[in-house]
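Dear colleague,

Please find below the sequence and the structure for your records. I would be grateful if you would read the notes that follow with the model open.

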Amino acid sequence: MSRPTPLRDVHESLGATLTDFAGWLMPLRYGSESAEHNAVRQAAGLFDLSHMGEIFVTGPQAGQALDYALVGHLSALAPGRARYTMIVNEHGGVLDDLIVYRLGDEEFGDEEFMVVANASNYEKVGEELKNRAKSYNAVVEDRSEQYALIAVQGPRAQEILATLTDADLAGLKYYAGLPGLVDGRQALIARTGYTGEDGFELFVANQDAVPLWHALTEAGRPYGLRAAGLSSRDTLRLEAGMPLYGNELGVELTPFDAGLGRVVKFDKPGDFVGRSALEAVKDTPPRRRLVGLVARGRRVPRHGYPVTKDGAVVGEVTSGAPSQTLGKPIAMAYVDNGADAGLAVDIRGSHEPMDLIELPFYRRNK
């Protein structure tokens, strides 16, 4: 049975179409997917992301434990900053992609980090972190049940949020966070997101989720804010070329396969899980690379569809959808190296021609 988020009643009152996603009952859409998508690109969207996992790592050696457990150099993070990273197995296969926040250094030399994991993986990630931290003076605690996560994304997100907080939003850098009051409720305000737009993610206690959602809805009304569901979140991240675990990332792929080798920090001190396997492949071009495809026609390439060249299969679509911003169907796909022209996608027996582009499809004006 799907688990509800603290905002379930709100979603039902808004007429949302609810669906199971990674074991959670989540809003797929509230009405028009295209209207929700366009609101985020032009004004702002309001998302319930409470299905994500929050795992805390604290103690004098918390940073060192994360350096060993993950591919990134997390001990080098300054308090208040965040970093995109990954957890891999001993073969270098991606178990999940993560955002790690360094929340600060407490009394007696303790360090505190929050690891945000995908909904489908956070229990597995939490257990893996506990196992990998055993040799360090650090405590790993899964606090996912205590937190709701609400995101405000879009070019007017800062204006909307500024009406509810005195926190220094203008001074908050991308991939940074600070504690503050939002509508009088304690929150971690993070300048992060998964839409390709500017925006904020608000980590709050479960009991504060409903009143905060209503406060943000009222504050955003004059700015064109709309509630937005999983469907628009997926098309937004696809346009921005952002990978989705289970589509562009998985245990059979390394960060280098996904074109994300930059997140692997070989120059950090000490060993880390998967280091030997990743060092062995870091200078070897992967057999396939992740690219963007833009359809010349109107038919939409979908996950799992074969990519072909001259009738032969040279790849596979990982994500595909109509792009509201480009006005054409788009897809991300893994294709063989050297397959860079004359590509098509086999859509139910019809080989639909595609133009290959380097990702992302969309980049906001900063």
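The notes below go from the whole chain to single residues.

The model is predicted: local features need pLDDT of at least 70, side-chain atom pairs count only at pLDDT 80 or more, and totals for chains, interfaces and linings use all residues. Residues are numbered from 1 along each chain as its sequence is written, and side-chain values use heavy atoms, with hydrogens and water left out.

Overall form

The protein chain contains eight helices and 20 strands; these are DSSP runs, numbered from the N terminus, with helices (H or I) of at least four residues and strands (E) of at least two. Its C-alpha trace spans about 65 × 50 × 40 Å along the principal axes. The radius of gyration of the protein chain is 21 Å, which agrees with the value near 21 Å for a compact globule of 366 residues. That radius is taken over C-alpha atoms, and the globule rule is 2.2 Å times the number of residues to the power 0.38.

Of the 366 residues, 55% are buried. Here, buried means under 20% relative accessible area, exposed means over 50%, and partly exposed lies in between (1.4 Å probe, protein chains only). The protein chain exposes about 15600 Å², of which carbon and sulfur atoms supply 48%; the areas come from the Shrake-Rupley method with a 1.4 Å probe. Among contacts with a separation of 6 or more, 66% join residues 24 or more positions apart, a contact being heavy atoms within 4.5 Å.

Glycine 177

Glycine 177 belongs to strand 11 (residues 177-182). This glycine is buried, because its relative accessible area is 13%. Leaving aside neighbours within four places in sequence, glycine 177 is in contact with Gly80, Leu172, Leu188, Ile189 and Ala190. The C-alpha atoms of glycine 177 and arginine 81 are separated by 6.1 Å, although the two residues are 96 apart along the chain.

Salt bridges

The structure holds 22 salt bridges, each defined as a side-chain nitrogen of Lys or Arg within 4 Å of a carboxyl oxygen of Asp or Glu.

In helix 1 (residues 8-13), arginine 8 and glutamate 12 are four residues apart, so about one helical turn separates them. Their side chains meet in a salt bridge, at 3.2 Å from N to O. Arginine 8 is partly exposed, with a relative accessible area of 32%, and glutamate 12 is also partly exposed, at 40%.

Helix 4 (residues 122-132) holds lysine 130 and glutamate 127, three residues apart, about one turn of the helix. The salt bridge between these side chains has an N to O distance of 3.7 Å. Lysine 130 counts as partly exposed at 35% relative accessibility, as does glutamate 127 at 45%.

Arginine 185 forms a salt bridge with aspartate 208, the closest N and O atoms being 3.8 Å apart. This pair links distant parts of the chain, 23 residues apart: arginine 185 lies in strand 12 (residues 185-190), and aspartate 208 in the loop between strand 13 (199-205) and helix 6 (209-220). Aspartate 208 is buried, with a relative accessible area of 17%, whereas arginine 185 is partly exposed at 22%.

Finally, a network of salt bridges links Arg41, Glu197 and Glu239.

With kind regards
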